[in-house]
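Good morning, colleagues. I would ask you to keep the sequence and the structure in view while I speak.

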Amino acid sequence: MKTVYRVLSALLALCILSVCLNLHAANQNVTVVLDGEKLVFDGAQPYYDSTVARVYVPVRGLTEAMDATVEYDDATKTVTISRAGTTLKLRIGVVTATVNGVAIALDAPPFISDGATYIPLRFVSENLLLDVSWDSAASVVTLTSRVQLELGMSSDDAKAAFGEPSRTAVSEKGYTWWVYDDLDNYKMIGVSEGLVVAYYLHAQTWQLGDGLRSGMTAADCDAQLSKLKSQDFGTYTVYTGDTTSYTLFYDENGSAYAVLRELNEYSSKTRISIAVLDGYAKQFLDLVNIERRRLELAVIVWDDSIADISQTHSADMAKNNTYSHTGTYNSTPYDRLSAAGFKDFYHIEIIARAFPNALTAFSAHLGNAQYRAVLRAGYSSMGAGVAYNPQSDGILYYTQVFHTSK
């Protein structure tokens, strides 16, 4: 019997050793570098968990290095991390966290081991405005503080951080838009006299240094900006402070999808010109394709001939103070496309008026189920045109025409 016990004990020891070896093989120690400095962790160490393909770090060591605060509520098993206006809440063992109250899914949950609380590094870092890169060969994670767009920063600093714009456009507020048309990370930076005086963010995810971020509900935004005066326009809300203003744009679910921020000295200006109207028209193409990219659909291309048709109809409405798909001599959208030489096609025309710019007009369209259906449809090309008549009821008139061949 003693021999049997010795054999069983030996087998158990081998099993334990095997488990330890497997864990060691699955979990490899990693090095974390923050803004060029290697972080030193006392006690619990960061590691790569191959079962979930995520790097975990002890929360105390990371938050201390990035000057964040951390609290733990034992009753709810909740870790709260705060840094520069952003608050993350993660519950032990739960694969949903919140960022400033907005629920976000996690690929891997936090957990406690040997008295140390471990958190998924990428999720926490990216939501605290750090860029993350992973060198699997060297087992090194590099964290880099993200440059935040700030009103008043120099245009040179903005260009150094974000590169050359794809194009420029003239704003109705008197500044120049630098347009960065990456559909996953779309932004426009308003520049005047060598300074950033406005910016518009419309990315898959975006976050400001003060904690505002994509996905926040209107109620969340109201709470965040409660000290500012607000005007609700249905699909967008303008918040005005002493020196700056925010415009938050909301989708059909009431979640913020874009933000415009401006210095107040520019937000109240309106300078309409042909260049401004052309900029509005091209913005529609960008905004349509951002939404189509989000839906994993092919981008729509710009057609100058369709843009000319759209511009003519907008000018017709503005000149005659009308608001209709029927144009001069009772022409229909189909008639106008046919007269321009288009044959065997599907099409739809979208019109709007009275909105102060293309961003607000698109926001209203996006709140309409029929327009969202148009964005999801199989159109391959489009054009847009905008006209201005301060003596008319609508003042600004917008036309978008979507087209595809049969």
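Predicted model: local features only at pLDDT ≥ 70, side-chain atom pairs only at ≥ 80, totals over all residues.

I turn now to helix packing. Two packed helices are described by the angle between their axes and the distance between the axes. For helix 7 (residues 274–294) and helix 11 (residues 369–376), the axes come within 9 Å and cross at roughly 75 degrees. Angles of 65 to 115 degrees count as roughly perpendicular, and helix 7 and helix 11 are therefore roughly perpendicular to each other. On the helix 7 side, the residues that meet helix 11 are Val288, Glu291, Arg292 and Arg294; their counterparts in helix 11 are Tyr371, Leu375 and Arg376. By class, this contact comprises three nonpolar and four charged residues, with no polar ones.

Helix 11 also packs against helix 10 (residues 358–366), at an angle of about 95 degrees and with the axes 6 Å apart. Helix 10 is thus roughly perpendicular to helix 11. Here Phe362, His365 and Leu366 of helix 10 meet Tyr371, Arg372 and Leu375 of helix 11. The residues of this contact are four nonpolar, one polar and one charged.

Which residues touch the most other members of the largest nonpolar core? They are Tyr200 and Leu248, in a core of 70 residues. Helix 7 supplies the largest share of this core, with nine residues. Setting aside neighbours within four places in sequence, Tyr200 has a list of contacts that includes Trp177, Tyr186, Met188, Phe249, Tyr257, Leu287 and Leu359. There is also a second, separate core of 29 residues, among them Tyr48, Leu90, Leu106 and Val132.

Five strands, in the order 6-7-8-9-10, form an open sheet with antiparallel pairing. Its edge strands, strand 6 (69–73) and strand 10 (102–105), each pair on one side only. From one strand to the next, the twist averages 20 degrees. Strand 9 (residues 96–99) pairs with strand 10 in the antiparallel sense over four bridges, and Thr98 stands opposite Ala103 in strand 10.

I close with two individual residues. Beyond its neighbours within four places in sequence, Thr63 is in contact with Ala68, Val70 and Ile81. Glu37, in strand 3 (residues 37–38), is by contrast exposed, with a relative accessible area of 55%. Glu37 and Thr142 are 105 residues apart along the chain, and their C-alpha atoms are separated by 9.3 Å.

Note on methods
Residues numbered from 1 in each chain as written. Heavy atoms only, no water. Axes fitted to C-alpha atoms, helices over the stretch in contact; angles between N-to-C directions. Helix = DSSP H or I, 4+ residues; strand = E, 2+ residues; numbered from the N terminus. Parallel < 35°, antiparallel > 145°, perpendicular 65-115°, else oblique. Contact = heavy atoms within 4.5 Å. Nonpolar A, V, L, I, M, F, W, Y, C, P; charged D, E, K, R; others polar. Core = buried A, V, L, I, M, F, W, Y, C linked by side-chain atoms within 4.5 Å. Buried < 20%, exposed > 50% of the residue type's maximum accessible area, 1.4 Å probe, protein only. Pairing = 2+ DSSP bridges.
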